[in-house]
Structures are given as structure tokens and as C-alpha cells.
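Have it open beside you while you read, and go through the points in order.

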Amino acid sequence: MSSPEIASLSWGQMKVKGCSTTYKDCKVWPGGSRTWDWRETGTNHSPGVQPADLEEVVKKGVKTLVIGRGMSEALQVPQSTVDYLRKNGIDVLVLQTEKAVEEYNALAAQGVKVGGVFHSTC
């Protein structure tokens, strides 16, 4: 199963190829995607992305996970979150969201089992 392409990105809106939903923040993995609802884990811009935000994607067997920190990189990613991914044998890229989507799409096109969590505003 391949990772779906991010078809479009603009401030506050993301589209995943093959999905009719328009996301504000989203999670993607080989074979699927869904809204990334920060309220599920109590996530805020600071301290930022927690391991609990990533568990669902990690369980999908990804080899690389791309985290989009927002258009202005307001979303923090603590070292403990990066360490959690590495401890699970997952390569991690933490980038500004536009760059993160480019990198994610490039990896997906190469057939890498890549997942992502993307914040599409600040």
C-alpha cells in the first residue's frame, strides 16, 4: 500500500489525493489519511507535537515520518518526540509545512513507507 500524495496545500487547507475531505491539519500514512484533531491529545503550539499525536501513524508501519510545523513554524516539536520516533526505528524530518509536504510527496513517489502530520496554518 502506498502513501497518498498531498494534492494541494494553502493556508488552512490541505487536500489528499483520492480523498474528498479538505483538512486544516492532517495525518497521512500508507493507504489513508484523516483530520489531525489536536484536542484528542491536548496539543498546543507549545510544547508542541507529542508522541501521542504520532502513535496512530507509527502503528501503520511507516519507515519515515514527516512533521510539518506550520507555515510560520509556530508548532514546536520537542526533542523527546524526535527521540520517541528514533527509538521506534523511524526516520524523522521536521520542516516548515510547505517544505514538509514537498519532501513527503517526493518520498511517497519513491515508494517509501512514509507518514506525515501537517499543520497548515501558523
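**Notes on the sheets, helices and rings**

1. Strand 1 and strand 2 (residues 13-16) run antiparallel to each other and are joined by four bridges. Isoleucine 6 has valine 16 in strand 2 as its bridge partner. Strands here are DSSP E runs of at least two residues and helices are H or I runs of at least four, numbered from the N terminus; two strands pair if DSSP finds at least two bridges between them.

2. Before going further, some ground rules. This is a predicted model, where local features need pLDDT of at least 70 and side-chain atom pairs count only at pLDDT 80 or more, while totals for chains, interfaces and linings use all residues. Residues are numbered from 1 along each chain as its sequence is written, and side-chain values use heavy atoms, with hydrogens and water left out.

3. Back to that sheet: three strands make it up, open, in the order 1-2-3, with antiparallel pairing. Contact means heavy atoms within 4.5 Å; axes are lines fitted to C-alpha atoms, for helices over the stretch in contact, and angles run from 0 to 180 degrees between N-to-C directions.

4. There is also an open sheet of five strands, ordered 5-4-8-6-7, and its pairing is mixed. Strand 5 (32-35) and strand 7 (91-95) are its edge strands, each pairing on one side only. From one strand to the next, the twist averages 10°. Strand 4 (residues 25-29) pairs with strand 8 in the antiparallel sense over four bridges, and aspartate 25 has histidine 119 in strand 8 as its bridge partner.

5. Which strands does helix 3 lie across in this sheet? They are strand 4, strand 6, strand 7 and strand 8, and the helix runs at about 160° to strand 8. Helix 1 (residues 51-58) lies across strand 4, strand 5, strand 6 (64-68) and strand 8, at about 35° to strand 4.

6. Have a look at helix 1 from the end. Asp53, Leu54, Val57 and Val58 are buried there (buried is under 20% relative accessible area, exposed over 50%, partly exposed in between, with a 1.4 Å probe and protein chains only). Down the axis of helix 1, the buried residues fall within an arc of 125°, so they line one face; the arc is that of the directions from the helix axis to the C-beta atoms. Their cover includes strand 4, strand 6, helix 2 (79-87) and strand 8.

7. Now the rings, which pair if the centres of Phe, Tyr or Trp (its six-membered ring) lie within 6.5 Å; planes under 30 degrees apart are stacked, over 60 edge-to-face, the rest tilted. That gives two aromatic pairs. Tryptophan 36 and tryptophan 38 are tilted, at 5.7 Å centre to centre and 55° between the planes. Tryptophan 36 is buried because its relative accessibility is 3%, and tryptophan 38 is buried because its value is 12%. Tyrosine 104 and phenylalanine 118 have ring centres 5.6 Å apart and planes at 80°, so this pair is edge-to-face. That pair links distant parts of the chain, with tyrosine 104 in helix 3 (residues 97-109) and phenylalanine 118 in strand 8 (residues 114-119), 14 residues apart.
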